[in-house]
Amino acid sequence: MISFFPNIIFFLTLLINLFLGFAVFLKSPQKLINRLYFLISLGSSLWIGGLLLLNVTPWNLGGRLSFAGALLAIWFFLWFSLEFPFREKEIPLPILLFGNIFTVIFSFIILLSPLVVQKEVINETAFGVVGKFGVLYPAFGIYFLLLMIGGILNLFHKLKTIKKELERKQLEYFLIGSTLTLGLSSATNLILPFFRGIWQYSKLGPLGTIFLLFFTFLAITRYHLFGIEVILTELLVGMIGILLIVQIFTAPTVLWRIVNSGIFILFCIFGYLLIRGVFREIRRREELEKIAQRERALREEAERLAQEFQRLDKVKNQFILTTQHHLRTPLSIIKGYLATILGGIYGEIKNQKINQALKNTLLATQRLITLVNEFLDISQFQLGKGALKKEEINLKDVLNEVACELKPEAEKKKLYLKMIFKAKDLKLKADFQRLKEAFFNLIDNAIKYTQKGGVEIKVESKAPETLLVSIKDTGIGMSKETLSKIFKGLFERGKEAEAVELTGKGIGLFISKTLIDAHGGKIWADSQGPGKGSTFFVELPKK
Ligand code: ADP
């Protein structure tokens, strides 16, 4: 017997290895990765166990057993690397079958023939043992190294593509553990002896499994690997419990028995608390994961809906555009005929009632044409087709023209219409007609929704490059709710407005906003509340 110290560690490593392997297997025997992990544990246990046998018994099959075990372990490691944490591609069945059969046959060859291990021990030191190798030893070495490198590369590759955070952490830990373990064991057991004749550290190889065990353990407890935290804790608590019971019965005196029983009872209480704690932690994590999953699903759904919405919006605009073209022509023809009839081209209309009815029809047709044109403008701008004819214009002219057109309306309601120009330079690069349309809607609204007082239009230069127009009235005002929705879309009307003006359509502001946006400007509104007047602001860049 060479040294006691490594043997004890070998034994413990072997036990923990088997223990972990079984725990993973028992958790979900039907899952492939659990079964593969179990087989890796079995293979490495044979490898460690073989060396242990070689160390502590005169039985001289230990070396062969350990080589065969190592081969099985590395084959299942490669397979595991293809399945864990997810399967990237389907592995063709013939390759799988071939790999399995080849590895098992090779293992039996190692075990039963002198082709790989000819003589178990020809030399031995505290940390190494060397035998005499057979003709297939190089083939074994190459096959082992190929499987090992393949497995590690697979895992590295997956690390790059993995998306789920938890799986990434599990993989990272497993990869660190297995690379350290395989690096140490292949260096001491294969590469150094084979290429440099250094075998004196070969017994350290199996100890390398401690790395894999350690990192797997961390991944299990921290990142829920294999989902066996509870079983693991239960088994550990159970094992320590059994040891404590044995201690009670083997205690030398009654006093010691009582003390040991006390320790056992305390341990049971703490063990129970520990298991319950782990269990709760898992529940909590599972719930968090569920919430995260639901959130992810909702986000995806929202994105899909937004895309669908955009598509439908485009289709709608396209539809409106086409329909309007078809509506406008017949409407213009009707308007033309009505105007000619009323102009007396086809003879005088003697009946006053018919005359009035025709006038009303002409007015209604004109309103319809304006409406269709407004819709056409909106959809053209929304589709990016409404080109602006930008030129150097004076904002004062725009506002004066609007005021001139709306003055009769204000006078009819006995409202003042004030203009204040605070800025000196009112030149802008803009589309005169479009801008006029935008301000017309705003000032028209201000007059329409004001019964007493009036409207004040003010132009200031806000920054060197922008002009700010405010249209302030003393009318019906707006609630917070109205303010929040009027610019959002077509047909949005406030409750206050609906009460005083039944025929409004909720189109004007939308058009103004579309036109101001197209000029690179901003539009917003403010009001102290219903009955307290409103102010609409338009900010326009000069260039
Ligand atoms: P309409 O005036 O036909 O309802 P608009 O698009 O011009 O449509 O205006 C949308 C809504 O914005 C109005 O229904 C009203 O609630 C609110 N609004 C616009 N201008 C004013 C204003 N000067 N005073 C109070 N409310 C206004």
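I started with the overall layout: the C-alpha centres of domain 1 and domain 2 lie 79 Å apart. The domain assignment gives 4-225 as domain 1 and 391-541 as domain 2. A reminder to myself before going further: this is a predicted model.

**Entry: aromatic pairs**

I looked up the ring pairs next, and the structure holds 30 aromatic pairs. The pair I opened was Phe80 with Phe84, which is stacked, with 4.9 Å centre to centre and 15° between the planes. Are these two residues buried or exposed? Phe80 is buried at a relative accessible area of 0%, and Phe84 is buried as well, at 2%.

Phe84 also pairs with Phe174, and here I noted an edge-to-face arrangement, 5.5 Å centre to centre with 65° between the planes. What does this pair tie together? Phe84 lies in the loop between helix H3 (62-83) and helix H4 (93-112), while Phe174 lies in helix H6 (residues 165-196), so the pair ties together parts that are 90 residues apart in sequence. Phe174 counts as buried, with 2% relative accessibility.

While at Phe84 I checked the backbone. A cis peptide bond joins Phe84 to Pro85, with omega at about -5°. Pro85 is in the loop between H3 and H4.

**Entry: lysines over rings**

I also looked for charges over ring faces. Lys158 lies over the face of Phe86, 5.2 Å from the ring centre. Lys396 lies over the face of Phe421, at 5.1 Å from the ring centre.

**Entry: the cores**

Which residues have the most contacts inside the largest nonpolar core? They are Phe80 and Phe140, in a core of 63 residues. I listed the elements that give two or more residues to this core: helix H1 (4-27), helix H2 (32-56), H3, H4, helix H5 (137-161), H6 and helix H8 (209-223). H3 gives the largest share, 12 residues.

I was curious about the surroundings of Phe140. Leaving aside neighbours within four places in sequence, Phe140 is in contact with Phe67, Leu71, Phe106, Ile110, Val116 and Leu190. There is also a second, separate core, which has 45 residues, Leu417, Ala423, Ile471 and Leu515 among them.

**Entry: helix H5**

H5 has 25 residues and reaches 37 Å from its first C-alpha to its last, close to the 36 Å expected at 1.5 Å a residue.

**Entry: positive phi**

Phe226 has a positive phi of about 60°. Its place is in the loop between H8 and helix H9 (229-250). Phe226 counts as buried, at 12% relative accessibility.

Lys414 has a positive phi of about 60° too, and is not a glycine. I found Lys414 in the loop between helix H12 (395-412) and strand E4 (416-421). Is Lys414 buried or exposed? At 73% relative accessibility, Lys414 counts as exposed.

**Entry: Lys472**

My last stop was Lys472, in strand E7 (residues 466-473). Lys472 counts as partly exposed, with 46% relative accessibility. Which residues does Lys472 contact, leaving aside its neighbours within four places in sequence? I noted Gly454, Val455, Glu456, Ser534 and Thr535. I also looked up Phe381, which is 91 residues from Lys472 along the chain: the C-alpha atoms of the two are separated by 27 Å.

Definitions and conventions:
Residues are numbered from 1 along each chain as its sequence is written. This is a predicted model: local features need pLDDT of at least 70, side-chain atom pairs count only at pLDDT 80 or more; totals for chains, interfaces and linings use all residues. Side-chain values use heavy atoms; hydrogens and water are left out. Rings of Phe, Tyr and Trp (its six-membered ring) pair if their centres lie within 6.5 Å; planes under 30 degrees apart count as stacked, over 60 as edge-to-face and the rest as tilted. Buried means under 20% relative accessible area, exposed over 50%, partly exposed in between (1.4 Å probe, protein chains only). Helices (H or I, at least four residues) and strands (E, at least two) are DSSP runs, numbered from the N terminus. A charge sits over a ring if NZ of Lys or CZ of Arg is within 6 Å of the ring centre and within 35 degrees of the ring normal. A nonpolar core is a set of buried Ala, Val, Leu, Ile, Met, Phe, Trp, Tyr and Cys residues joined through side-chain atoms within 4.5 Å. Contact means heavy atoms within 4.5 Å. Domain bounds come from an automatic or database domain assignment. The expected span of a helix is 1.5 Å times one less than its number of residues.
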